[in-house]
Amino acid sequence: MAAIFSSSLFASSPLPKPLSSSYSRIHTAPQLFRARSSLLQDNEKKVIVHDSFPSKTSPLHTADKSTGGNSINTSAFEKRIIKVEQSVNIFLTDSVIKILDTLYHDRHYARFFVLETIARVPYFAFMSVLHMYESFGWWRRADYLKVHFAESWNEMHHLLIMEELGGNAWWFDRFLAQHIAIFYYIMTVLMYAVSPRMAYHFSECVESHAFETYDKFIKVQGDELKKMPAPEVAVNYYTGDDLYLFDEFQTSRVPNSRRPKIENLYDVFVNIRDDEAEHCKTMKACQTHGNLRSPHSYAEDDDSSVCALEADCEGIVDCIKKSVASNPAKMLAKNFLAGNIIVTFC
């Protein structure tokens, strides 16, 4: 899911101004999972969060496992492609962050509202493309759909919290957030169809920035936040009876291992920040094709959540290639049907 965009807290009790963008990033305890995927630099600081399931492998590490002359050349080429993809994503993310820092440098809740409006979009895009693949018989992995829906459900509640705090009070903020969301959706659908790995990394960059921004906000405004009541929507979401979807998006945690306590507004923002960290880990796992499983699938220790009617594929080019290779006649019929549908709509 960027940047974080927010408006004033409450008119009657304004909070101190936010830290500048140069504020140092968070570090938690050692021996934790590193969740930020970007071009690795010796002096780069990363989001660090807890995990319970084994750490997921990076696409760069996966490429290293190839052996043989041709495989080595392919691996080196793939590494270059990955670095290019990540460089583009980081450039896009940093550019948007600079713009949002200018527009929302002292309006916290409006910034958060814009961010959370946008944050759900990638998961909508992922599910749209996966449903299309399912319709053509190219994809039968239910775990991805389950997890991405749970992620969108989590981000929706973040958005509801920001609306209850007044983040959507200005027409300009609503207009900006909704139009960015439309552009972001189209871009993500195209990116995901061509390179799921790149789309997942871009989403990771967005979620990583969200984590950092919420963390800085908590550090600066923590004392004031502890004096304010928690929004009702936050209490219901984090402490309700049905937390299946809350567990579902946290793919590196055992279900039922995280149960937040919400006593004030500070607790709400701490949990939103921690949610963003979990999104980072999930997006990191997704960058290795076929690496994602529902945490409830781990708990049940079976593969019932995966319907392997046909081998899945990575990106639309890979899907078409595998379909042609496995059954050319069937593929021709599907393309003919798809062509008729497109002509009908045109």
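Residues are numbered from 1 along each chain as its sequence is written, and side-chain values use heavy atoms, with hydrogens and water left out. Because the model is predicted, local features need pLDDT of at least 70 and side-chain atom pairs count only at pLDDT 80 or more, while totals for chains, interfaces and linings use all residues.

The protein contains 13 helices and two strands. Both are DSSP runs, numbered from the N terminus: helices are H or I with at least four residues, strands E with at least two. Of the 346 residues, 50% are buried. Buried means under 20% relative accessible area, exposed over 50%, and partly exposed in between (1.4 Å probe, protein chains only). The protein exposes about 16,700 Å². Carbon and sulfur atoms supply 60% of that area. Accessible areas come from the Shrake-Rupley method with a 1.4 Å probe; for residues, only the protein chains shown count as cover.

A nonpolar patch lies on the surface. Its members are Ile 99, Leu 103, Trp 171, Phe 172 and Phe 175, with about 510 Å² of accessible area together. Helix H2 (69-103) and helix H6 (171-194) each give two or more residues to this patch. H6 provides the largest share, three residues. Phe 172 sits in helix H6 and is partly exposed, at 38% relative accessibility. Patch residues have over 30% relative accessible area and no salt bridge; like charges are joined within 9 Å, and nonpolar side chains (Val, Leu, Ile, Met, Phe, Trp, Tyr) within 5 Å.

Grid points are joined across faces, edges and corners, and a volume is the space filled by probe spheres set on the points. The largest cavity has a volume of about 100 Å³. Its lining has 14 residues, with Tyr 192, Pro 196, Tyr 200, His 289 and Glu 314 nearest its centre. Helix H4 (121-135) and helix H7 (196-225) each give two or more residues to this lining. The largest share, three residues, is from H7. Nine lining residues are nonpolar, three polar and two charged. Here Ala, Val, Leu, Ile, Met, Phe, Trp, Tyr, Cys and Pro count as nonpolar, Asp, Glu, Lys and Arg as charged, and the others, Gly among them, as polar.

The second largest cavity holds about 30 Å³ of space. Among its lining residues are Glu 85 and Arg 197. H2 gives the most to this lining, with four residues. The lining divides into two nonpolar, four polar and two charged residues.

Twelve salt bridges were found in the whole structure. A salt bridge is a side-chain nitrogen of Lys or Arg within 4 Å of a carboxyl oxygen of Asp or Glu. Glu 85 and Arg 197 form one, at 3.0 Å from N to O. Glu 85 lies in helix H2 and Arg 197 in helix H7, so this pair ties together parts 112 residues apart in sequence. Glu 85 is buried, at 9% relative accessible area. Arg 197 is buried as well, at 13%.

Arg 253 pairs with Glu 278 in a salt bridge, with the closest N and O atoms 2.7 Å apart. Both residues are buried. Shared partners also join Asp 215, Lys 219, Arg 273 and Asp 274 into one salt-bridge network.

Note on methods:
On a 1 Å grid over the protein atoms alone, a cavity is a set of points where a 1.4 Å probe fits but cannot get out, and a pocket is an open set with protein on both sides within 12 Å along at least five of seven lines; lining residues have an atom within 4 Å of a point.
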